[in-house]
Amino acid sequence: MRGDIEALVKEVVTEFAASKGSEGDLIRGVGMPIPLTIMCWLLGTPVSDIEKFRQWVLPMAEAVSAVDGRMGDVTAQAYKSFGEYFWPHVKTRAALIESGAEAPDDMLTRLLTVERDGQKLTQEDVMGFCQFLMVAGSATTTLLIGNVMGRIIDDPALAARLIADPSLIEIAVEESLRIDAPVHGLFRTNDEPVCMQGVDIPVDSKVLALFGSANLDPNVWENPEEFSLERDPVQLRKHFAFGVGIHYCLGAPLARMEAQLAVQEMLARLPNVQSNGERHLVKAAVLKGFEVLPVKWGN
Ligand code: HEM
């Protein structure tokens with residue numbers, strides 16, 4: 001997908017650079033449209049519908065850490081709207097495949113046709129995965145793009161280094177993943193009793209694995225709270241921002257590519273991009289990053 005993504009990033013940043021008054025919200029203008037458009041490509045929905053998805057993604061992400069396991073009205077409505085949109089979409093595609101007609105060659109078709117030991121996924125499974133993927137594949141990468149750009153905007157010396165040597169952008173994205181892990185933590189239910197660091201965790205406890213905290217562990221990282229381009233690239237990629245073990249993020253290469261291309265294009269087109277007012281953090285407790293990141297550029 002690299003060629004298509006490069007073209008998309010150029011288009012999105014060009015449009016953003018043409019914003020009235022040479023100012024705008026970097027999240028709304030760049031961070032959101034890139035991953036959301038790619039999700040539309042994967043899930044076979046019209047790109048014009050990203051406006052709808054934009055409104056559902058963050059409230060759905062907030063459900064992961066809902067207080068008392070209860071969703072607020074906005075989150076419940078987002079799930080409902082998502083279901084009303086996606087259920088007919090999945091059914092229509094399944095019917096198309098069933099009819100023997102040529103179906104689009106995207107991830108949705110693959111999910112509906114893939115077999116293991118002669119078994120296919122049910123339409124409910126596919127629907128659930130689309131919902132998961134819409135959040136996992138877009139909100140996270142939006143945050144990553146905002147987090148790296150936030151660091152660059154706040155540090156002119158860092159910006160100057162990356163502009164002079166764009167090959168360092170890859171390290172900057174990796175260091176951002178470490179220091180500002182977009183998925184700060186996720187819950188687990190242990191299916192057997194565990195003793196960790198002398199603490200007994202009875203079976204069926206809810207535990208919160210804090211990837212973001214592990215990434216700041218002073219026993220592992222030198223000056224963990226310092227954003228540095230000098231870290232050994234091989235060691236740096238061992239951060240936990242994409243999880244660990246069997247559930248390691250399937251979208252890590254895609255997220256890395258999107259963020260690297262977005263930062264590269266932003267710095268090439270808007271080298272003097274600056275902060276422009278109050279930033280708002282996302283409310284979902286397990287996520288870290290900006291919901292609004294106002295910037296300006298020009299002379
Ligand atoms: C910066 C962006 C991203 C971050 C920080 C991130 C983070 C994570 C983390 C921490 C997990 C582990 C979940 C767990 O252990 O329970 C995970 C899993 C997953 N992610 Fe990502 N993700 C990102 C982008 C993406 C993208 C772009 C996609 C797909 C388009 C994606 C798809 C998935 C999937 C399918 C899983 C589940 C893997 C499994 O359970 O086997 N992610 N991600």
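I located C249 in the loop between α11 (233-236) and α12 (252-269); helices (H or I, at least four residues) and strands (E, at least two) are DSSP runs, numbered from the N terminus. I worked on a predicted model, where local features need pLDDT of at least 70, side-chain atom pairs count only at pLDDT 80 or more, and totals for chains, interfaces and linings use all residues. Residues are numbered from 1 along each chain as its sequence is written, and side-chain values use heavy atoms, with hydrogens and water left out.

I looked up the iron atom of the ligand: its only protein donor is C249 (SG), at 2.3 Å. Donors are N, O and S atoms within 2.8 Å of the metal (3.2 Å for Na, K and Ca); water is not among the atoms, so sites may look incomplete.

Next I checked the largest nonpolar core, which has 51 residues; L26, I152 and M266 are among those with the most contacts inside it. A core here is a set of buried Ala, Val, Leu, Ile, Met, Phe, Trp, Tyr and Cys residues joined through side-chain atoms within 4.5 Å, buried meaning under 20% relative accessible area (1.4 Å probe, protein chains only). I noted that α12 gives the largest share of this core, 9 residues.

I then traced an open sheet of 3 strands, antiparallel, in the order β1-β11-β8; strands pair if DSSP finds at least two bridges between them. β1 (23-25) and β8 (274-275) stand at the edges with a single partner strand each, so one side of each has no neighbour in the sheet. I found 2 bridges between β8 and β11 (residues 294-296), and Q274 has K296 as its bridge partner in β11.

Technical notes
Buried < 20%, exposed > 50% of the residue type's maximum accessible area, 1.4 Å probe, protein only.
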